[in-house]
Amino acid sequence: MTSEVAPNLARLRHRIADAAQAANRPADDITLVAVSKTQPLEKIREAAAAGQTHFGENYLQEALDKIQALDEHNLTWHFIGPLQSNKTRDIAAYFDWVHSVDRLKIARRLSDQRPDDLPPLNLCLQVNISNEPSKSGVSVQACADLATEIAKLPRLRLRGLMAIPAWSESEAEQRKPFAQLRQLHAELCASGLELDTLSMGMSDDLEAAILEGASIIRIGTAIFGSRTETQ
Ligand SMILES: *Cc1c(COP(=O)(O)O)cnc(C)c1O
């Protein structure tokens, strides 16, 4: 069976270009992170062969196996999954970006554990933008204080904000939480933080995210097909 990865990526690049045009933005302002959690190495190799360089993973052990196996491809790895203290050492050593930080304690550990021979670890704060009790992410109210503290940590580079809004069907509804995240980002920049990243938008809402200024979109299903979530 031939895989759908390369044609899916081509279709997705058209979607991104169309959305960027509708938003009056250059398409290359938007970085595509291919979310490869639960997907086999072979599909990542196919995406890499089709020119994809940024990949996102949620589960540390699975990610470490892939990063080591694909070392010669020089890919850029983004950790986007749940963070616990006992995982920070490996994340600091093997990833280029972390999108899911929502506590100072975790950020301190990542900064302390970032190896000296690597550049500072790029970091986004995850914001619980829809204020859902069950979801991770710092609250909108606590975001500015946390960002200010994290920006002081020497081995991190705070780049911006990430969010996974509550699901909604229409593009108009999808845009609202993304617009809120953009507003929060603008407030942090106005307060003196130098941020350049809004990590928002997945397979079902990337158009709305791009219209609201997403600079990184994180796309799994539209590239690799559906997942069997076993973890
Ligand atoms: C799984 C995941 C994605 C990708 O979701 P799709 O709907 O498959 O595009 C993006 N971001 C995070 C944080 C994820 O966990």
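Which pocket does the ligand take up? Select the ligand and have a look: its space is the largest pocket. Here, a pocket is an open set of points on a 1 Å grid over the protein atoms alone, with protein on both sides within 12 Å along at least five of seven lines.

Before moving on, remember that this is a predicted model, where local features need pLDDT of at least 70, side-chain atom pairs count only at pLDDT 80 or more, and totals for chains, interfaces and linings use all residues. Residues are numbered from 1 along each chain as its sequence is written, and side-chain values use heavy atoms, with hydrogens and water left out.

Now zoom in on S203: an N or O atom in its side chain is 2.5 Å from a ligand oxygen. Click R227 too, where a polar side-chain atom sits 2.8 Å from an oxygen of the ligand. On its own the ligand would expose 390 Å², and the protein buries 90% of that (Shrake-Rupley method, 1.4 Å probe).

Finally, select F55 and W77. They form a tilted aromatic pair, 5.7 Å centre to centre with 35 degrees between the planes. Ring centres must lie within 6.5 Å to pair; under 30 degrees is stacked, over 60 is edge-to-face, and the rest are tilted. F55 is in strand β2 (residues 54-57) and W77 in strand β3 (residues 76-79), so the pair ties together parts 22 residues apart in sequence. Strands are DSSP runs (E, at least two residues), numbered from the N terminus.

Definitions and conventions. Polar contact = N/O pair within 3.5 Å; in protein donor to acceptor, adjacent residues only side chain to side chain. 1 Å grid on protein atoms, 1.4 Å probe; cavity = no way out; pocket = protein on both sides within 12 Å on 5 of 7 lines; lining within 4 Å. Sits in = over half its atoms within 2 Å of the grid points. Phe/Tyr/Trp six-rings, centres within 6.5 Å; stacked < 30°, edge-to-face > 60°. Helix = DSSP H or I, 4+ residues; strand = E, 2+ residues; numbered from the N terminus.
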